[in-house]
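Let's take a walk through this one together. Have a look at the fold, then read on.

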Amino acid sequence: HNALEATVAAVASSVKRQPRRFSDLYLETLQRLGEGHDELRGMLVKHLGNIGHNPEALPLIVPQLYTALMDRSQRVRAEAATAYGTLCNKAADDLPTLMHESFLVLLLDPYVVVHKAAVEALREARLPDQFNRSVINSLWLLILTYANSHSDDRFLGHCIEEFL
């Protein structure tokens, strides 16, 4: 696992530095992997956020990140939330509205790993102001859910921090 993660990170770094040269291969690999390869797809998706910090690469990765935000796999959606947070740290205003709206859906995802990744992404992300109300409403629902369930007080604290 660690060797694969290191390899994907190295390849993603090359794509970020030279997107015209390497992005086709990276994105084609991501597209062609089947649903049975969620771990590798998740690793590839996670690095899309860093790749997108290069303005030349951003338009190339947006369709793949959007697709990953809507993926069937909870692991891929969680990694897409992470990539989105990384990308929004520097390029939130350069992303289409639909991408932000797709991310907001992850805050209400029924899978814990996904909505936890989305809340964690909010710690890093700077969304456009027009989405503040939606973020606050989603966080409020998570706060109510976790406060009533007493299942994860640490995560409840993270939700409260982001809400405030």
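Why does a radius of gyration of 16 Å agree with a compact globule for a chain of 164 residues? A compact globule with 164 residues would come out near 15 Å, so the chain's 16 Å agrees; the radius is taken over C-alpha atoms, and the globule rule is 2.2 Å times the number of residues to the power 0.38. Along its principal axes, the C-alpha trace spans about 50 × 35 × 20 Å.

Before going further, some ground rules. This is a predicted model, where local features need pLDDT of at least 70 and side-chain atom pairs count only at pLDDT 80 or more, while totals for chains, interfaces and linings use all residues. Residues are numbered from 1 along each chain as its sequence is written, and side-chain values use heavy atoms, leaving out hydrogens and water.

As for secondary structure, you'll find ten helices and zero strands (DSSP runs numbered from the N terminus: H or I of at least four residues for helices, E of at least two for strands).

Now to the inside. Buried residues, meaning those under 20% relative accessible area with a 1.4 Å probe, protein chains only, make up 46% of the 164.

Zoom in on L127: leaving aside neighbours within four places in sequence, its contacts (heavy atoms within 4.5 Å) include Y84, H100, F103 and V135.

Key. Buried means under 20% relative accessible area, exposed over 50%, partly exposed in between (1.4 Å probe, protein chains only).
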